Structure formats: C-alpha cells, structure tokens
Amino acid sequence: IALQDFKPTAMVWGQLTDPVKVQKVRNLDISGNPQLKTIPLEVHGLVNMKSLNVARCSIQRLHNLEMLSRLTVLRLDRNDLEETTVGALPPSITLLSIRDNHFRSIPPSIFLLERLVFLDLSGNRLDQIDGVESLRALQEFLLDDNNLRELPAAIGDLANLQFLSVKNNQLTAQAVSRDGQSIPVTVFENSSLERLDLAGNPLRQKEIMSFDGVSVFLARRKANKDKLIQGGGMLDNSLFGL
C-alpha cells in the first residue's frame, strides 16, 4: 500500500483495521506525511507486514513495534527521533535506515537486532557508537555525516562486516580517548571488511596507509577484486573513498 505524500485521513487509517486487509498487507509506504508525529496505531496491527517506510515525516516517538514480528525492512529517515524516543523493534529486522534524525548515541533497542545486516545512521549527531559489537550479523554500516573522531575497537568484533562508510566525520590519525590510531587494528584485521569509505575526514591517505592492520585489509580487498575480475563483476577502484 502506497500512501506517501498523501496525508491520509482517519477514514483511510480505519480501513487498515479491516480483518481481511490486515492479513494481506505486506508493504506499507506512508513516507512524506509531515503531520505524523508517531506511527498510527492502525499500522501496529499489520502483523504480516514485511516492509514499512515512514521516512520524511515528523516522527518524534517510536512506540513498541515488537508485534510486527515479520517486519524485515524499516525506513525512518528524516524524522525527529532521539536516542531516548525509540522503543522496542521487531527482532526480525534485517534492514534499518534511520538517517537524518537527532541521535547523539545509538538507540539501545537497535543493539537487540541480531539479524540486522544493513544499518544506516548517517546524518545524525553521533560522537560515539559504543555497543555495536552486539550486531554480529551486520554486513553494511553507514555512519556518514556524524561527529565521530575515532572508531571503537569493537567494530572488529563484527566478523561479517564488509562495507563501512564513515564519510564526512572528524576522524584524524590519532585517537582522542586512547593512545594509538583512530581506526583500531581490529577493524582492519578481525572483520571481513572489503570497502572502507573515509572521504571528507581530516585524514590523508598517507596516514591511513601507515595504520597497523591496513596491509591485512588491502590483501583481503585485492583477493575480492581478483574474484570480481574473474567473474566479470564491477570494480570499485577508489581506496578509502579518496
């Protein structure tokens, strides 16, 4: 059901309580409705829904969505959420895009998403991302346009992580809260990282190349490129997005 930029009336929401329609709805797009401050209660009853798009609204509080036990895709971009106003999320979620909100830290409920493979937290106010080590299934992690000055060693615990984007942050060569480099060796060596985008940070490529662990990352990246060449795939020839 597509209701984006539609300004649905109470009558429209009421139709979502029809027992037959409730069972049939798999995808719902209510993006672009700035009058929405919370997700309507009628949406909470769509228990078979797999995809929900609530981007470009004015959502200030996200109430408990655990009842949507089949939801795998949730988009909440460009709303007014803070880390303290995000309630429980369905553990079934595999893709979560929640960019351009007002987070200074990652909402705790996100750390319980054990099946999450894609997470976009770009365009917030994050200055730390403590707790990410719980997202063990994560493969793609986007953190562009935040206030990060260093990355935690815990990212190295994300064994499945393949793509990490930290564009337009405040990363420098030296860590701020600890001795050593701003991107720990564990990030390069312990994950499955093949693509790392650092464009727009006050970091020079020469400094990045001097980081411990970079040689392991480069070897892994080369091996992946060789496979792509053999398979006729498209190549990303940029190094660290620079």
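This is a predicted model: local features need pLDDT of at least 70, side-chain atom pairs count only at pLDDT 80 or more; totals for chains, interfaces and linings use all residues.
Student: Where does Asn224 lie?

Tutor: Asn224 lies in helix 6. Here helices are DSSP runs of H or I with at least four residues, strands are runs of E with at least two, and both are numbered from the N terminus. Before we go on: residues are counted from 1 along each chain as its sequence is written.

Student: Why is Asn224 called partly exposed?

Tutor: Its relative accessible area is 23%. Buried means under 20%, exposed means over 50%, and partly exposed is in between (1.4 Å probe, protein chains only). The 23% sits in between, so Asn224 is partly exposed.

Student: What makes Leu143 buried?

Tutor: Leu143 has a relative accessible area of 0%, so it falls on the buried side of the cut-off. You'll find Leu143 in the loop between strand 6 (140-142) and strand 7. Leaving aside neighbours within four places in sequence, Leu143 is in contact (heavy atoms within 4.5 Å) with residues including Leu121, Leu126, Ile129, Leu148 and Leu164.

Student: Which residues have the most contacts inside the largest nonpolar core?

Tutor: They are Leu96, Leu121, Ile129, Phe141 and Leu164, in a core of 62 residues. Helix 4 (185-189) and helix 6 (214-231) each supply at least two residues of this core. A second, separate core has five residues, including Val73, Leu95, Phe118 and Phe163.

Student: What makes a set of residues a nonpolar core?

Tutor: The members must be buried Ala, Val, Leu, Ile, Met, Phe, Trp, Tyr or Cys, joined through side-chain atoms within 4.5 Å. As for Leu164, its contacts beyond four places in sequence include Phe141, Ile155, Val187 and Leu196.

Student: What is the order of the strands in the open sheet?

Tutor: The eight strands run 1-2-3-4-5-6-7-8, with parallel pairing. At the edges are strand 1 (27-29) and strand 8 (195-197), each of which pairs on one side only.

Student: How do you know that strand 7 and strand 8 pair?

Tutor: Two strands count as paired if DSSP finds at least two bridges between them. Strand 7 (residues 163-165) and strand 8 have three bridges, in the parallel sense, so they pair. In this pairing, Phe163 stands opposite Arg195 in strand 8.

Student: Why is the contact between Asp120 and Arg99 called a salt bridge?

Tutor: A salt bridge needs a side-chain nitrogen of Lys or Arg within 4 Å of a carboxyl oxygen of Asp or Glu. The closest N and O atoms of Asp120 and Arg99 are 2.9 Å apart, so the pair qualifies. The two partners are 21 residues apart: Asp120 is in strand 5 (residues 118-120), and Arg99 is in the loop between strand 4 and strand 5. Asp120, at 4%, is buried, whereas Arg99, at 25%, is partly exposed. Arg99, Asp100 and Asp120 are linked in a network of salt bridges.

Student: How many salt bridges does the structure hold?

Tutor: Four. One of them joins the side chains of Glu150 and Arg178 at 3.8 Å, N to O. That pair spans 28 residues, with Glu150 in the loop between strand 6 and strand 7 and Arg178 in the loop between strand 7 and helix 4. Glu150 is buried because its 17% is under the cut-off, and Arg178, at 28%, is partly exposed. Glu207 and Arg204 form another, their closest N and O atoms being 3.6 Å apart.

Student: What makes the phi of Arg56 worth a look?

Tutor: Most residues other than glycine have a negative phi. Arg56 isn't a glycine, yet its phi is positive, about 55°. Arg56 lies in the loop between strand 2 (51-53) and strand 3 (73-75). Arg78 also has a positive phi of about 55° without being a glycine, and its place is in the loop between strand 3 and strand 4 (95-97).

Student: Are Arg56 and Arg78 buried, partly exposed or exposed?

Tutor: Arg56, at 32%, is partly exposed.

Technical notes: Side-chain values use heavy atoms; hydrogens and water are left out.
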